[in-house]
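Trainee: Hi! Could you walk me through this one?
Mentor: Happy to. Have a look, then ask away.

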Amino acid sequence: MTAYPLTWLYAPGDRPKVVAKALTCGADVVVIDLEDAVAADRKAYARAITADLLEDPPAVPVHVRVNALEGPWGEQDLAALAPAPGLSGLRLPKITSPAEVHHVARRAARADLYALLETALAVEQAYAIAGAHPNLRGIALGEADLRADLGVRDDTGLDWPRSRVVVAARAAGLPPPPQSVHADTRDLDGLAASCAHGRALGFLGRAAIHPRQLPVIERAYLPTGAEIEQAETVLKAAATEQGAQALPDGRFIDAAVVTAAQRTLSLARRR
């Protein structure tokens, strides 16, 4: 996986041809979905073919979104997939407490874990969940379920939960979270505008549900020429002096600003 993945492409676990295509589309991470994308009568089939696929590591990092732990399939998913050599991560839906993260970490000790926060309770517990276990490598919102739980009618009603999750992730030492999916796969202008808003809130990258969304997401999250130039100026100044200092334009820089500049240049190398 790249140091800062920007694109996370979902593919339904019961459609092996779609999964195979997703692995060739250029996403940083492919997320095989055993949860919302798979009907109840196809859960066992999706689990079995996903376990078979992950017997060998694919060319692209693969995460699996398992079913919710409190339902009838989540534990079966963990038992089948946790030992898989090709598994790069488990995405855990509907997490509401640190105890659930600890439970999965015991069941899947080798897997990187990613918690999806999809309810008001989960948002309130965001920092506790984010710091629950060393194997937890990221958190993100599940906005469709959260929107329903909150009764939010306008997209701006989610800005406070979005900021809360960004702050919780960074406070726990986790990477900035990726944005939730943009459901209208034909609305690429709307996707670009939404990504720009998410970037302004502190997100980094985004989940996608169609390959056509990937280049839009990547363009939105890659640094601009001006941002690259500014990052280079910051690192040049940091290499010559210690402590807080002022740039020629009067802006002060410190360790946090230097870290942000390093991330900018790391992302710039994707171009």
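Trainee: What order do the strands of the open sheet have?
Mentor: The open sheet has 7 strands in the order S6-S5-S4-S3-S2-S1-S7, with parallel pairing. Two strands count as paired if DSSP finds at least two bridges between them. Helices (H or I, at least four residues) and strands (E, at least two) are DSSP runs, numbered from the N terminus. Before we go on, this is a predicted model: local features need pLDDT of at least 70, side-chain atom pairs count only at pLDDT 80 or more, and totals for chains, interfaces and linings use all residues. Residues are numbered from 1 along each chain as its sequence is written, and side-chain values use heavy atoms, with hydrogens and water left out.

Trainee: Okay, and which are the edge strands?
Mentor: S6 and strand S7 (206–208), each of which pairs on one side only.

Trainee: Is S6 enclosed or open, then?
Mentor: It is largely enclosed by the rest of the structure, because 5 of the 6 residues of S6 are buried. Buried means under 20% relative accessible area, exposed means over 50%, and partly exposed is in between (1.4 Å probe, protein chains only).

Trainee: How many bridges join S5 to S6?
Mentor: There are 5 bridges, and the two strands run parallel.

Trainee: New topic: how many aromatic pairs does the structure hold?
Mentor: It holds 1. The rings of Trp8 and Tyr114 have centres 6.1 Å apart and planes at 65 degrees, so the pair is edge-to-face. For the cut-offs, rings of Phe, Tyr and Trp (its six-membered ring) pair if their centres lie within 6.5 Å; planes under 30 degrees apart count as stacked, over 60 as edge-to-face and the rest as tilted.

Trainee: Where do Trp8 and Tyr114 lie?
Mentor: Trp8 is in strand S1 and Tyr114 in strand S5, so the pair ties together parts that are 106 residues apart in sequence. Trp8 is buried, with a relative accessible area of 6%, and Tyr114 is buried too, at 9%.

Trainee: What about the largest nonpolar core: which residues touch the most other members?
Mentor: Val64, Leu90, Leu113, Leu117 and Ile139 do, out of 64 residues in that core. Its largest share, 5 residues, comes from helix H10 (residues 214–221). A nonpolar core is a set of buried Ala, Val, Leu, Ile, Met, Phe, Trp, Tyr and Cys residues joined through side-chain atoms within 4.5 Å. There is also a second, separate core of 9 residues, which includes Ala231, Ala261, Leu265 and Ala268.

Trainee: Which residues does Val64 touch?
Mentor: Not counting residues up to four places away in sequence, Val64 touches Ile32, Leu34, Thr50, Leu54, Leu81, Leu87, Gly89, Leu90 and Arg91. Contact means heavy atoms within 4.5 Å.

Trainee: And Val62, buried or exposed?
Mentor: Buried, at 0% relative accessibility. Val62 is found in strand S3 (residues 62–65), and among the residues it touches are Leu23, Val30 and Ile32.

Trainee: Let's switch to helix H8. Which residues of H8 are buried?
Mentor: Asp159, Pro161, Arg162, Val165, Val166, Ala168 and Ala169. What covers them includes strand S5 (112–117), helix H5 (120–124) and helix H9 (188–201).

Trainee: What span should H8 have?
Mentor: At 1.5 Å a residue, the 13 residues of H8 (residues 159–171) should span 18 Å, and the end C-alpha atoms are 18 Å apart, which agrees. The expected span is 1.5 Å times one less than the number of residues in the helix. H8 is followed by Gly173, whose phi is positive, near 80 degrees.

Trainee: Which residue other than glycine has a positive phi?
Mentor: Lys94 is one, with phi near 60 degrees. Lys94 lies in the loop between strand S4 (89–92) and helix H4 (98–107), and is partly exposed, with a relative accessible area of 23%.
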